[in-house]
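This briefing concerns the single structure shown below. Please read it with the sequence and the coordinates at hand.

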Amino acid sequence: MMDAEGQQNHHPKDPQMSKRLKMALVVLNCLLLFVGDTGGPLVSRLYFRHGGHRQWLASWLETGGWPLILLPLSISYLYRRRLASDHHHPTKLFFLTPRLFLACVVLGLLTGTDDFLYAYGLSFLPVSTSAILISTQLAFTASFAFLIVKQKFTPYSINSIALLTVGAVMLGLHTSSDRPDNVSQGQYLTGFFLTLGTAALYGLILPLVELTYRKARQVITYTLVMEMQLVMGFFATAFCTIGMLVNKDFEAIPREARQYGLGEVKYYMVLVWAAILWQCFFLGTVGVIFCVNTLLAGIIIAVLIPVIELFAAIFLHEKFTSEKGVSLGLCLWGLASYSYGEYRENKEKKEAALKDQTTGLTTGG
């Protein structure tokens with residue numbers, strides 16, 4: 001559901017991470033991102049496809065695996081504690097400041113809202129259609145980044161926005177070609193626009209996360225990123241829990257499990273795996289952003305869109321129409337255009353910084 005594209009890393013990072021550890025984290029987080037980004041949407045759709053009807057429950061599963069973050073945080077704490085004992089220094093239990101904590105609470109509530117919009121949209125849409133619509137998040141990210149963190153538009157970002165918009169419009173004009181059998185035209189359109197709303201809201205969340213990094217007034221370490229993700233996941237899940245209580249989803253789960261098309265045991269397996277896979281996605285995304293940059297995360301997610309399309313056709317037997325193929329091509333073209341623009345900008349900044357450094361050394365000499 002959620003991308004991490006379009007932001008530059010302007011925040012200070014942990015200078016103490018070794019190259020070997022960083023490479024291991026890059027590989028691990030790329031694998032987590034691959035597994036979560038392809039598996040999460042498929043399993044969530046599987047829930048709705050075989051008799052699941054609880055959108056609040058499906059949205060809860062997207063962040064309900066937040067306790068899994070306690071594992072890497074515990075490992076990090078034990079590692080820091082061992083290092084501190086060697087130097088006779090006290091070990092901080094956590095790095096989050098009250099200011100960062102409050103920011104993560106707000107971001108978590110926004111994420112919970114985004115989870116619900118996505119789950120509601122996916123209950124009426126094929127995974128393949130949803131994945132293409134979610135890719136338009138990049139256009140919203142670029143727009144909100146311009147307003148919030150003053151990231152300038154470039155010819156590449158403008159081109160990508162135009163291509164992504166045309167791709168989404170093409171899908172909207174051919175709604176009857178891939179509508180599931182048990183979904184009405186009205187429900188399909190509801191899912192269509194809610195999924196676009198999901199992309200728009202997450203396009204707002206990403207620049208807000210970047211702004212939070214900038215205003216942190218402390219070094220952004222991998223441990224701090226995990227702590228922020230933990231708080232965001234907890235409050236997103238709490239938001240969805242309230243929705244489940246109001247909608248009486250907890251009372252309905254046993255009844256829905258008994259009536260589930262794949263059987264009661266597989267019903268609970270679907271729920272558990274959905275929570276695990278979505279958490280893999282979140283951990284992988286923030287990990288790739290921290291260890292490398294958002295550009296790599298965006299490229300991986302863009303590359304995985306046709307993989308999701310393929311898996312949806314193989315495992316869920318979804319139709320892949322010609323309109324969907326053209327729309328996918330436009331979206332991938334837009335993502336490639338934006339990624340190349342980001343690459344050019346990063347390269348120019350590095351060259352300018354190197355030139356300034358060389359000039360400074362020459363002047364000093």
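The points that follow are grouped by topic, from the overall fold to individual residues.

The structure is a predicted model. The chain contains 13 helices and 0 strands, and buried residues make up 50% of its 365 residues. Its largest nonpolar core has 30 residues.

**Overall fold**

- Along the sequence, the elements follow the pattern α-α-α-α-α-α-α-α-α-α-α-α-α.
- Among contacts in the chain with a separation of 6 or more, 86% are between residues 24 or more positions apart.
- The chain has an accessible surface of about 17500 Å², and carbon and sulfur atoms account for 69% of that area.

**Nonpolar cores**

- Within the largest nonpolar core of 30 residues, Ile220, Val225, Met226 and Met228 have the most contacts.
- At least two residues of this core come from each of helix H1 (19-49), helix H4 (98-122), helix H8 (185-214), helix H9 (222-247) and helix H11 (264-291).
- H9 supplies the largest share of this core, with 8 residues.
- Another core, of 20 residues, lies apart from the largest one and includes Phe48, Leu57, Leu271 and Ala274.

- Methionine 228 is located in helix H9.
- The relative accessible area of methionine 228 is 2%, so this residue counts as buried, the cut-off being under 20%.
- When residues up to four places away in sequence are not counted, methionine 228 touches Leu96, Leu100, Cys104, Thr212 and Tyr213.
- Although methionine 228 and phenylalanine 101 are 127 residues apart along the chain, a distance of 7.4 Å separates their C-alpha atoms.

**Helix H5**

- Helix H5 (residues 127-134) is largely enclosed by the rest of the structure, because 8 of its 8 residues are buried.
- The buried residues of H5 are Val127, Ser128, Thr129, Ser130, Ala131, Ile132, Leu133 and Ile134.

**Second largest pocket**

- The second largest pocket holds about 450 Å³ of space.
- Its lining comprises 22 residues, and those nearest the centre of the pocket are Arg45, Pro180, Asp181, Asn182 and Val183.
- The lining of the second largest pocket consists of 6 nonpolar, 8 polar and 8 charged residues.
- H1 gives the most to this lining, with 3 residues.

**Loop residues with positive phi**

- Arginine 217 has a positive phi of about 60° although it is not a glycine.
- Arginine 217 sits in the loop between H8 and H9.
- With a relative accessible area of 70%, arginine 217 is exposed, the cut-off being over 50%.
- Lysine 248, which is not a glycine, also has a positive phi of about 60°.
- The loop between H9 and helix H10 (249-259) contains lysine 248.
- Lysine 248 counts as exposed at 52% relative accessibility.

**Valine 326**

- Valine 326 belongs to helix H13 (residues 322-364).

Definitions and conventions
Residues numbered from 1 in each chain as written. Predicted model: local features only at pLDDT ≥ 70, side-chain atom pairs only at ≥ 80, totals over all residues. Heavy atoms only, no water. Core = buried A, V, L, I, M, F, W, Y, C linked by side-chain atoms within 4.5 Å. Buried < 20%, exposed > 50% of the residue type's maximum accessible area, 1.4 Å probe, protein only. Helix = DSSP H or I, 4+ residues; strand = E, 2+ residues; numbered from the N terminus. Contact = heavy atoms within 4.5 Å. Areas by Shrake-Rupley, 256 points an atom, 1.4 Å probe, with all protein chains shown as cover. 1 Å grid on protein atoms, 1.4 Å probe; cavity = no way out; pocket = protein on both sides within 12 Å on 5 of 7 lines; lining within 4 Å. Points joined across faces, edges and corners; volume = space filled by probe spheres on them. Nonpolar A, V, L, I, M, F, W, Y, C, P; charged D, E, K, R; others polar.
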